Amino acid sequence: MSVLSKLFANSFQLPILEANCYETIHVWNPSCSGALIDVIPQGLKFCLKTYGLFYLISGLIKKGDPRKLDYVRLIKDIIRSSVFLTMNMLILLYSMCWFRNRLGFFTLPTVSFVATILASFLAILIENPKRRPMLALYLTNLASETLYRQLVNHGYLRFIKNGESIVFAAGLAMSTYFYQRYGEKAGELCKLMKFTHHLDNNAEVFDLRKMPRNARLWLNILRKNFVKHRICEHRHSCLSVALESGLRNFGYGLVASLALSLIKSVRTPSKVLKNIFNSEVLKMPAFFASMPMIYHGVECSLNRILGRKTNVTPIAAGAASGAAMILYPSTSIAMYALWKGFEMIYFKAADDGLAPKFKYGDILLYALSTGFVLGNVIIEPQAIRKGYLNFLRGLTDNKLDLFNRRLFTKFGFDSNLLYINYVPNLDLRYVTLNPAHYLPQIKPL
Ligand SMILES: [Zn+2]
Ligand SMILES: [Zn+2]
C-alpha cells in the first residue's frame with residue numbers, strides 16, 4: 001500500500017487522500033454495499049417517474065391520440081431508460097469504492113474522472129441505441145457549458161458579457177452556410193432555421209386565404225406597396241418578409257412562453273397571474289421575432305449595398321441574427337447551435353473521407369462528456385448548471401450534497417464552496433481521520 005501511495009505521490013505528482021470511503025463519499029452508511037443499496041429505491045422511483053412522464057408526453061405528441069399508443073413498448077422503454085440511469089449512479093458509486101479499496105487511498109482521477117467516465121460508458125450500453133445520439137448531444141452541450149464556467153472560475157477566461165450571443169452567432173453562421181449549399185437535409189439545425197428564419201424563399205409566411213379580411217388588406221399593402229430589391233429572391237417586398245416572419249415568430253414565442261409560465265405555476269397556483277403578467281414572458285417571443293427580422297434586414301441591406309449576390313451575404317445575415325440572444329440569453333441554446341454546427345462539419349468531412357467515421361461515436365461522446373460533468377459534480381459542483389444539479393439531487397435523494405468535499409480541496413479545487421458550513425454526521429466508530437480534518441475553520445489535511 002505504502003509503495004503504491006509513494007508511486008502516486010512522487011512519480012505522478014498526484015496528491016493522495018487516505019481517508020476511507022465512508023468518511024469521504026457515502027457518509028450515510030459505513031458499509032460500501034449498504035450505501036449502494038440505500039440509494040436504489042429513491043433512484044429507481046425518480047427514474048420511473050421522470051421517464052414515465054417523458055415517454056408518455058413524447059408518445060402523445062407523436063401519435064396525437066392516447067388510444068394509439070403502444071403501451072407495452074412504452075413500459076419497456078421506461079424500464080430500460082430507468083435501469084440505465086440508476087445503473088449510471090450505482091456503477092459510479094461502486095467504482096469509487098472499488099478504487100479506494102484496491103489502492104488504499106483516493107486520488108483525483110479515481111474519485112472523479114476515471115470513475116465517472118467508466119460508469120457512464122458501462123451505463124450507456126444498457127440504454128436503447130436509438131436514444132444514445134440524443135443523450136450524447138445533450139451531455140456534450142452540458143459539458144461544454146461546464147468547461148466554460150470552469151475556465152471563468154479559474155480565471156483563464158474572462159466572463160464576456162453577452163458571450164452566449166457570440167457562440168449562438170457562430171452556430172447560426174455554420175448552419176446558414178450548410179443550408180445554402182445542401183438545403184435543409186444538411187442537419188437538424190438547418191431544418192429548424194428554415195422555419196425560425198424563414199429561409200425558404202418560395203414559401204409564404206402567412207396564407208392570405210386563411211386570414212381575416214382586415215389582416216389580408218394590411219398584408220397586401222405590406223407586400224405590394226413597398227420595394228423589393230432586384231437581387232432579392234423572396235416573394236414580396238423586403239419589408240414584408242422581415243415583418244411577417246417576425247410577427248409569426250412572436251406569436252409562436254408568446255404561446256410557448258405562456259405555456260411555460262403556466263407549467264411553472266402548477267406548484268404555486270396563487271402566482272399564476274403574477275407569472276403571466278410579467279415582462280419576463282415577453283423575452284422569449286422578442287427573441288424568436290428578432291431572429292428572422294435581423295436576418296432579412298441584414299440580407300436585404302447587403303444586397304442593396306453590394307449590388308450583387310454573394311455567397312457570404314446569407315452567412316453574414318445568419319451570424320448577425322445571433323444578436324437576438326441579447327434579448328433572451330441562454331447558454332444551452334447557444335451551445336446547442338454551436339455543437340450542431342460542428343456536427344454538420346464533421347458529418348460532411350466524414351462523408352468526403354476527410355475524417356474517420358466512428359461507429360460507436362455516440363457511446364464515446366456520452367461516456368466522455370457525462371464523465372466530465374459528473375466528475376465536476378464531485379469536485380467542483382459550482383461549475384454545473386443549477387437545473388442539472390437539482391435533477392441529480394432528485395435522482396440521488398439529495399445524497400450528492402453529502403460528500404465530504406472539504407477533503408477534496410487538497411486535490412487543488414475549491415470543491416467545498418457550496419458547502420462551507422456542512423459537516424457530515426459520522427459514526428466515530430468507523431472513522432479513521434481526526435474529526436478536526438473535516439470541521440469548518442480548520443485547514444483540511
Ligand atoms: Zn465504500
Ligand atoms: Zn429583400
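A: Helices are DSSP runs of H or I with at least four residues, strands are runs of E with at least two, and both are numbered from the N terminus. By that count, Ser-415 falls in the segment after α17. This is a predicted model, where local features need pLDDT of at least 70 and side-chain atom pairs need 80 or more, while totals for chains, interfaces and linings use all residues. Residues are numbered from 1 along each chain as its sequence is written, chains are lettered from A and ligands numbered from 1 in written order, and side-chain values use heavy atoms, without hydrogens or water.

Q: Is Ser-415 buried or exposed?
A: Buried means under 20% relative accessible area, exposed means over 50%, and partly exposed is in between (1.4 Å probe, protein chains only). Ser-415 has a relative accessible area of 0%, so Ser-415 is buried.

Q: With which residues is Ser-415 in contact?
A: Contact means heavy atoms within 4.5 Å. Setting aside neighbours within four places in sequence, Ser-415 contacts Ile-379, Pro-381, Arg-405, Phe-408 and Thr-409. Glu-380 is 35 residues from Ser-415 along the chain, yet their C-alpha atoms are separated by 4.8 Å.

Q: What are the donors of the zinc ion (ligand 1)?
A: Donors are N, O and S atoms within 2.8 Å of the metal (3.2 Å for Na, K and Ca); water is not among the atoms, so sites may look incomplete. Here Cys-21 (SG), His-26 (NE2), Cys-32 (SG) and Cys-97 (SG) coordinate the zinc ion (ligand 1) at 2.0 to 2.2 Å. Their spacing along the sequence is C-x4-H-x5-C-x64-C. His-26 is buried, at 0% relative accessible area. Cys-32 is partly exposed, at 28%.

Q: Why is the arrangement around the zinc ion (ligand 1) tetrahedral?
A: Four donors count as tetrahedral if all angles lie between 85 and 135 degrees. The ideal angle for four tetrahedral donors is 109.5 degrees. At the zinc ion (ligand 1) the four donor atoms subtend angles of 99 to 120°, so the arrangement is tetrahedral.

Q: Which protein donors hold the zinc ion (ligand 2)?
A: Cys-232 (SG), His-234 (NE2), Cys-238 (SG) and Cys-300 (SG) lie 2.1 to 2.2 Å from the zinc ion (ligand 2). The chain spacing reads C-x1-H-x3-C-x61-C. The angles run from 105 to 116°, which makes the zinc ion (ligand 2) arrangement tetrahedral. Cys-232 and Cys-238 are both buried.

Q: What does α6 reach from its first C-alpha to its last?
A: The expected span of a helix is 1.5 Å times one less than its number of residues. Helix α6 (residues 113-124) has twelve residues and reaches 16 Å, close to the 16 Å expected at 1.5 Å a residue. Its buried residues include Ala-115, Thr-116, Ala-119, Ser-120, Ala-123 and Ile-124. They span an arc of only 145° around the axis, which puts them on the same side of α6. The arc is that of the directions from the helix axis to the C-beta atoms. The cover over the buried residues of α6 includes α4 (71-103), α5 (108-111), α7 (132-153) and α16 (361-379).

Q: How many residues has α15?
A: Helix α15 (residues 331-351) has 21 residues and reaches 30 Å, close to the 30 Å expected at 1.5 Å a residue. Among its buried residues are Met-335, Leu-338, Lys-340 and Met-344. Their cover includes α7, α8 (163-182) and α9 (188-196). Just after α15, Gly-353 has a positive phi of about 80°.

Q: How many residues has the largest nonpolar core?
A: A nonpolar core is a set of buried Ala, Val, Leu, Ile, Met, Phe, Trp, Tyr and Cys residues joined through side-chain atoms within 4.5 Å. The largest has 53 residues, and those with the most contacts inside it are Phe-84, Met-96 and Phe-411. Helices α3 (32-63), α4, α5, α6, α7, α16 and α17 (386-396) each give two or more residues to this core. The largest share, eleven residues, comes from α4. A second, separate core has 17 residues, including Phe-178, Leu-189, Leu-199 and Tyr-295.

Q: Which residue has a positive phi although it is not a glycine?
A: Most residues other than glycine have a negative phi. His-198 has a positive phi of about 50°. His-198 sits in the loop between α9 and α10 (213-224) and is buried, at 6% relative accessible area. Asp-397 also has a positive phi, about 55°. Asp-397 lies in the segment after α17 and is partly exposed, at 40%.

Definitions and conventions. Tetrahedral: all angles 85-135°; square planar, octahedral: opposite > 155°, others 65-115°.
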